Amino acid sequence: MLELKTLPEGCGSRRRTTACDTCGARPFSVCASLDDAELARLDAMAERQTLAVGDVLLREGDPASHVFNITGGSVRVYKLLPDGRRQITGFLYAGDFLGLTTGDRYAFSAEAMEAGSICRFRKADYRRLIQETPALEAILLDRANHELAAAQTQMLLLGRKTALERVATFLTDLPGADRMRPTSTGVLHLPMTRGEMADYLGLTIETVSRVMTRLKTEGVIRLTSLSDLTILRPQRLQALAGGEG
């Protein structure tokens with residue numbers, strides 16, 4: 001006869017450790033609002049993938065079958081014009097959410113700018129979880145409001161600001177975007193190329209390079225590498241972003 005052993009007190013109620021428990025992006029993600037049971041359900045739904053530079057998460061026009069939570073690295077989101085020109089509409093980092101569109105097809109494309117990782121979920125399953133989880137629904141609504149505000153800021157950037165003001169605004173707004181990799185005050189990491197900055201700001205590569213050189217010459221910034229710089233005069237950069245050039 002099998003002997004029954006008494007478990008240590010509290011052992012039966014211990015929660016199974018999930019990948020979510022060790023995810024560095026969790027404090028910045030929509031899943032931060034979930035309790036243990038909800039998190040376990042989300043963990044069971046997740047398909048975890050690693051990304052290499054240039055890997056495609058989704059393509060504009062493809063069936064919108066999945067949503068994504070970025071857990072590492074950075075992603076460019078863009079649309080292609082009929083003549084092949086590219087307009088980058090945003091840069092996303094660990095903790096950002098992507099793909100929850102109301103339509104049946106994706107309205108944009110998304111690719112990895114550097115090595116990273118994602119959690120992928122089937123959209124139908126995720127929508128069901130949203131309906132049954134008020135905390136998740138609330139934080140996604142809050143994210144949607146922030147995205148709307150960001151879109152309005154982008155319209156102002158492209159419609160009214162000069163090249164100098166656009167670049168200065170971009171560098172001013174960038175600190176804190178990648179919350180999983182904080183840097184020292186005034187130090188910026190730029191995972192995007194000059195071409196990607198140009199496609200985001202509605203400028204040419206030559207114009208972006210010329211403005212960056214001017215900021216360097218005037219002692220506003222110091223370029224330490226192609227992907228890193230230090231803001232030496234933050235108040236001056238802020239003034240330039242505001243049109244006080």
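These notebook entries record what I looked up in the structure above.

**Entry 1. Basis**

I worked on a predicted model, in which local features need pLDDT of at least 70, side-chain atom pairs count only at pLDDT 80 or more, and totals for chains, interfaces and linings use all residues. Residues are numbered from 1 along each chain as its sequence is written, and side-chain values use heavy atoms, with hydrogens and water left out.

**Entry 2. Overall build**

I looked up the secondary structure and found 7 helices and 11 strands; helices (H or I, at least four residues) and strands (E, at least two) are DSSP runs, numbered from the N terminus. The C-alpha atoms fill a box of roughly 85 × 40 × 30 Å along the principal axes. Of the 245 residues, 41% count as buried. Here buried means under 20% relative accessible area, exposed over 50%, and partly exposed in between, with a 1.4 Å probe and protein chains only. I then turned to contacts, defined as heavy atoms within 4.5 Å. Among contacts with a separation of 6 or more, 71% come from residues 24 or more positions apart.

**Entry 3. Helix H1**

I looked up H1 (36-45) and noted Glu38, Leu39, Leu42, Asp43 and Met45 as its buried residues. Seen down the axis of H1, these fall within an arc of 160 degrees, so they line one face of the helix; the arc is that of the directions from the helix axis to the C-beta atoms. Ala37 and Ala44 are exposed on the other side of H1. The cover over the buried residues of H1 includes strand S1 (47-51), S8 and H2.

**Entry 4. Helix H2**

In H2 (residues 123-132), I recorded Lys123, Tyr126, Leu129 and Ile130 as buried. Down the axis of H2 they fall within an arc of 120 degrees, so they line one face of the helix. As background, an α-helix has 3.6 residues a turn, so residues three or four places apart point the same way. The buried residues of H2 pack against H1, strand S3 (66-72), strand S6 (97-98), S8 and helix H3 (134-160).

**Entry 5. Largest pocket**

I looked up the largest pocket and noted about 1,700 Å³ of space. On a 1 Å grid over the protein atoms alone, a pocket is an open set of points where a 1.4 Å probe fits, with protein on both sides within 12 Å along at least five of seven lines; lining residues have an atom within 4 Å of a point. Grid points are joined across faces, edges and corners, and the volume is the space filled by probe spheres set on the points. Of the 40 lining residues, Thr89, Leu92, His146, Glu147 and Ala150 are the closest to the centre of the pocket. H3 gives the most to the lining, with 12 residues. Strand S4 (74-80), strand S5 (86-93), S6, H2, H3 and helix H4 (163-173) each supply at least two. The lining divides into 21 nonpolar, 11 polar and 8 charged residues. In this division Ala, Val, Leu, Ile, Met, Phe, Trp, Tyr, Cys and Pro count as nonpolar, Asp, Glu, Lys and Arg as charged, and the others, Gly among them, as polar.

**Entry 6. Glu114**

I found Glu114 in the loop between strand S7 (109-112) and strand S8 (116-122). Glu114 counts as buried because its relative accessibility is 15%. Its side chain makes a polar contact of 2.7 Å with that of Ser74; such a contact is a pair of N or O atoms within 3.5 Å, where within protein one must be able to donate a hydrogen and the other to accept it, and residues adjacent in sequence count only if both atoms are side-chain atoms. Not counting residues up to four places away in sequence, Glu114 touches several residues, including Arg181, His189 and Pro191.

**Entry 7. Two buried serines**

Ser109 lies in strand S7 and is buried at 5% relative accessibility. A polar atom of the Ser109 side chain lies 2.9 Å from the backbone nitrogen of Glu60. Ser29 lies in the segment before H1 and is buried, with a relative accessible area of 2%. A polar atom of the Ser29 side chain lies 2.7 Å from the backbone oxygen of Ala25. Ser29 and Ala94 are 65 residues apart in sequence and 7.8 Å apart in space, C-alpha to C-alpha.
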